[in-house]
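Here is a short report for a reader meeting this structure for the first time. Look at the sequence and the fold, then read on.

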Amino acid sequence: AGDGTINLGAYCLHLGSQSLSWSGNTYWSVNDGVINLNSNISLSGTWTFNGSCIIHGRDQTIDLGTTGTIFIDSNSSAMFHGLRLENIREGNIQCVDDTAIIMLDDATWCQSDGSSYSFDTGSLRFKNKVMMCGNGGLFVYSTDQTSTIHSEAKLKLDTGFTFSYDPSSESQDLLSFEGDSA
């Protein structure tokens, strides 16, 4: 409970099986570390990832509610695998600069209904099946970094959800498809 740093390194942290309310601000120092969720998390504090981390959701949800935030630090990456990110809205999940990467692997990105979200820094990677949803939601791709839809990956936009390509540069190829199967 409370604020602090978790020096995960290359280790694996298994969270418990009861739903968890996480209100503290946590700085995750990782080096190919893994976090395994075994229940839903309601995040009302801030998680900052420094290094390379995989968050295995095991079909659980991280709900950002109205105050939860996730930051990916410089030269860092976070892979959200097998989980649902809920209540995403402007600024509550972001890369701190263009060297940071958010990876979605068999994940659902669910914005708050009617919300707008501008992805203006860093890059995205899509692996396997990724769903983006939020009734009336608008996702604006405005970074000048290249994002990748990997081979065999499927990016699905739910009914009522808009993905707008509006990068800060005039480049027309900042969404890269890794082969014909993407």
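Which residues does Ile70 touch, not counting residues up to four places away in sequence? In this predicted model, the list is Leu43, Trp47, Phe49, Leu64, Phe80, Leu85, Asn92, Ile93 and Gln94.

## The core around Ile70

Ile70 belongs to the largest nonpolar core, which has 41 residues. Five members touch the most other members: Phe49, Ile55, Ile70, Phe80 and Leu85. Strand 10, residues 77-88, gives this core its largest share, five residues.

Ile70 also has a place in strand pairing. It lies in strand 9, opposite Trp47. Strand 9 covers residues 69-72 and pairs with strand 7 in the parallel sense, over four bridges. Strand 9 also pairs with strand 11, residues 93-95. That pairing is parallel too, with three bridges. Here Ile72 has Cys95 of strand 11 as its bridge partner.

Thr48 sits in strand 7, residues 46-50. Is Thr48 buried or exposed? Its relative accessible area is 16%, and the cut-off for buried is under 20%. Thr48 therefore counts as buried. Leaving aside residues up to four places away in sequence, Thr48 touches Thr26, Tyr27, Trp28, Phe71 and Asp73.

| Strands | Residues | Bridges |
|---|---|---|
| Strand 12 and strand 14 | 101-111 and 123-133 | nine |
| Strand 14 and strand 16 | 123-133 and 147-149 | two |
| Strand 14 and strand 17 | 123-133 and 154-157 | four |

Individual residue pairs show how its partners line up. Ile102 has Leu124 of strand 14 as its bridge partner. Phe126 stands opposite Ile149 in strand 16. Val130 has Leu155 of strand 17 as its bridge partner.

Where is Pro167? Its place is in the loop between strand 18 and strand 19, residues 175-177. Pro167 counts as buried, at 13% relative accessibility. Its contacts, leaving aside neighbours within four places in sequence, are Tyr141, Ser142, Thr143 and Leu174. Tyr141 is 26 residues apart from Pro167 along the chain. Yet the C-alpha atoms of Pro167 and Tyr141 are separated by 6.0 Å.

## Cysteines

How many disulfides does the structure hold? The count is zero. Cys95 is in no disulfide, and the nearest cysteine sulfur, that of Cys53, is 14 Å away. Cys133 is in no disulfide either. For Cys133, the nearest cysteine sulfur is that of Cys110, 3.0 Å away.

Cys95 is buried, with a relative accessible area of 3%. Cys133 is buried as well, at 7%.

## One salt bridge

Side chains of opposite charge can pair when their charged atoms come close. A search of the whole structure finds one salt bridge. Which side chains meet in it? They are those of Arg84 and Glu86, at 2.8 Å from N to O. Arg84 is partly exposed, with a relative accessible area of 29%. Glu86 is partly exposed too, at 23% relative accessibility.

Technical notes
Residues numbered from 1 in each chain as written. Predicted model: local features only at pLDDT ≥ 70, side-chain atom pairs only at ≥ 80, totals over all residues. Heavy atoms only, no water. Buried < 20%, exposed > 50% of the residue type's maximum accessible area, 1.4 Å probe, protein only. Contact = heavy atoms within 4.5 Å. Pairing = 2+ DSSP bridges. Core = buried A, V, L, I, M, F, W, Y, C linked by side-chain atoms within 4.5 Å. Disulfide = S-S within 2.5 Å. Salt bridge = Lys/Arg side-chain N within 4 Å of Asp/Glu carboxyl O.
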